[in-house]
Amino acid sequence: MSAIDRSHALVPVSAPSQPITGKPASGTAAILLIWLAAAAPMAVLAWVVAPRLIAPGDPLPGLVFWQLMVAGMAWQGVLSVIVLRLEGVPFRPAALARRLWLATPTWRGRPAIAAFLLVPAFAALGFVGDDAASAWFQGTALGQTLVSHTPAFAFIEHLATPDARGRWDILVLALVSSLFNYGLGEALLFHGVLLPRMEKAWGRWAWLGNGVLFTAYHVHKFWIMPGLLISCLCYSLPAQIFRSSWLAVLIHAVEGVVLIVAVLAVILGAAV
């Protein structure tokens, strides 16, 4: 982050009540630099570090991969703190809530609690859309090539083996992963830190830019990356419309509930 021009690129982001103004190219440059600081470590951990740490004959090599991905998401929490510090945001609850859009959804300046009722619809749209898009992409020549070149340890479904039965440490890993995936890592950086900054730089199209960058960040899941775009847009669109990152967090976290249920089924032997 030392390459960021503190005096110009990382100016404080306006509170929700302030008008959105134009932003010079350095605003976009700062956003892309923050994105790179999040995405690059995930690529290195997934495709450089993981193959070197996985022991030959490990019956559950995917656990090493997963642990490294959790480390990468934890780094995003640290990165978020660095960005907020550089912006000069006071680390007080009220100031952080304003900056990160951790507020009740609003519509035309009025509270819109009913927006939370949209969470199941957007979560379902994300799941169905991702599945359809991923199925289409993996049916293409490029998709088949990417899948064929993906190491087996990267597929989380390969953890559903008899070797995982009774391994409660996997549940602990899933819970820690969920903490940084849907709370203090990805969600904090992309929907709390970046989305409001993107709105200042890109205006009404910030949700689209956020969804595209969040999709492109998933270099550790490159074989399904195109299919992730729909769910990534399902996080950012309602968050910007209602100016509340809680909506993105909750929609994203539905995935975590499915993950925990699946992990429990594997541990108990129901899915093996």
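**Reading the model**

Modeller: Happy to. Along the sequence the protein runs α-α-α-β-β-α-α-α-α-α-α-α, a total of ten helices and two strands. Please keep in mind that this is a predicted model.

Colleague: How do you know how confident the predictor is in the protein?

Modeller: From pLDDT, which is the predictor's confidence in each residue, from 0 to 100. The protein averages 85, and 89% of the residues score at least 70.

Colleague: What pLDDT do residues 1–26 have?

Modeller: Over residues 1–26 pLDDT stays under 50. The model does have 50 contacts beyond four places in sequence for this stretch. Where pLDDT is low, the predicted coordinates should not be read in detail.

**Buried residues and the core**

Colleague: Why is W101 called buried?

Modeller: Buried means under 20% relative accessible area. W101 has 1%, so W101 is buried. The residue sits in the loop between helix 3 (93–99) and strand 1 (106–107).

Colleague: And why does R243 count as buried?

Modeller: The cut-off is under 20%, and R243 has 19% relative accessibility, so R243 counts as buried. R243 belongs to the loop between helix 9 and helix 10.

Colleague: What is the phi of W101, and what is that of R243?

Modeller: W101 has a positive phi of about 60° although it is not a glycine. For R243, also a residue other than glycine, phi is positive and near 50°.

Colleague: How many of the residues in the protein are buried, as a percentage?

Modeller: Buried residues make up 48% of the 272 residues.

Colleague: What makes a set of residues a nonpolar core?

Modeller: Its members are buried residues of the nonpolar kinds, joined through side-chain atoms within 4.5 Å. The largest such core here has 69 residues, and W66, I170, L189, F190, Y217 and V263 have the most contacts inside it. Helix 2 gives the most to this core, with eleven residues. In soluble globular proteins, nonpolar side chains tend to be buried together.

Colleague: Which residues is Y217 in contact with, leaving aside its neighbours within four places in sequence?

Modeller: Those residues are W35, A38, A39, M42, M73, Q76, E186 and F190. Contact means heavy atoms within 4.5 Å.

**Pockets**

Colleague: How much space lies in the largest pocket?

Modeller: About 1300 Å³. Its lining has 47 residues, and the closest to the centre are I156, K221, I224, E255 and L259. Helix 10 gives the most to that lining, with ten residues.

Colleague: How do the residues of that lining divide by class?

Modeller: There are 31 nonpolar, ten polar and six charged residues in the lining of the largest pocket.

Colleague: How does the second largest pocket divide by class?

Modeller: Its lining has eleven nonpolar, three polar and no charged residues. The volume of this second largest pocket is about 190 Å³. Its lining comprises 14 residues, with L100, L102, G183, L184 and L188 nearest the centre.

**Two residues and their partners**

Colleague: Where is I224, and what does I224 touch?

Modeller: I224 lies in the loop between helix 8 and helix 9. Not counting residues up to four places away in sequence, I224 touches S134 and Q138. The C-alpha atoms of I224 and G143 are separated by 8.0 Å, though these residues are 81 apart along the chain.

Colleague: Why does H252 count as buried?

Modeller: H252, in helix 10, has 3% relative accessibility, and the cut-off is under 20%, so H252 counts as buried. Leaving aside neighbours within four places in sequence, H252 is in contact with N181, Y182, E186, H191, F214 and Y235. From H252 to C232, C-alpha to C-alpha, the distance is 8.5 Å, and the two are 20 residues apart in sequence.

Colleague: What percentage of contacts between residues at least 6 apart join residues at least 24 apart?

Modeller: In this protein, 75% of those contacts do.

Key: Residues are numbered from 1 along each chain as its sequence is written. This is a predicted model: local features need pLDDT of at least 70, side-chain atom pairs count only at pLDDT 80 or more; totals for chains, interfaces and linings use all residues. Side-chain values use heavy atoms; hydrogens and water are left out. On a 1 Å grid over the protein atoms alone, a cavity is a set of points where a 1.4 Å probe fits but cannot get out, and a pocket is an open set with protein on both sides within 12 Å along at least five of seven lines; lining residues have an atom within 4 Å of a point. Grid points are joined across faces, edges and corners, and a volume is the space filled by probe spheres set on the points. Helices (H or I, at least four residues) and strands (E, at least two) are DSSP runs, numbered from the N terminus. Ala, Val, Leu, Ile, Met, Phe, Trp, Tyr, Cys and Pro count as nonpolar, Asp, Glu, Lys and Arg as charged, and the others, Gly among them, as polar. Buried means under 20% relative accessible area, exposed over 50%, partly exposed in between (1.4 Å probe, protein chains only).
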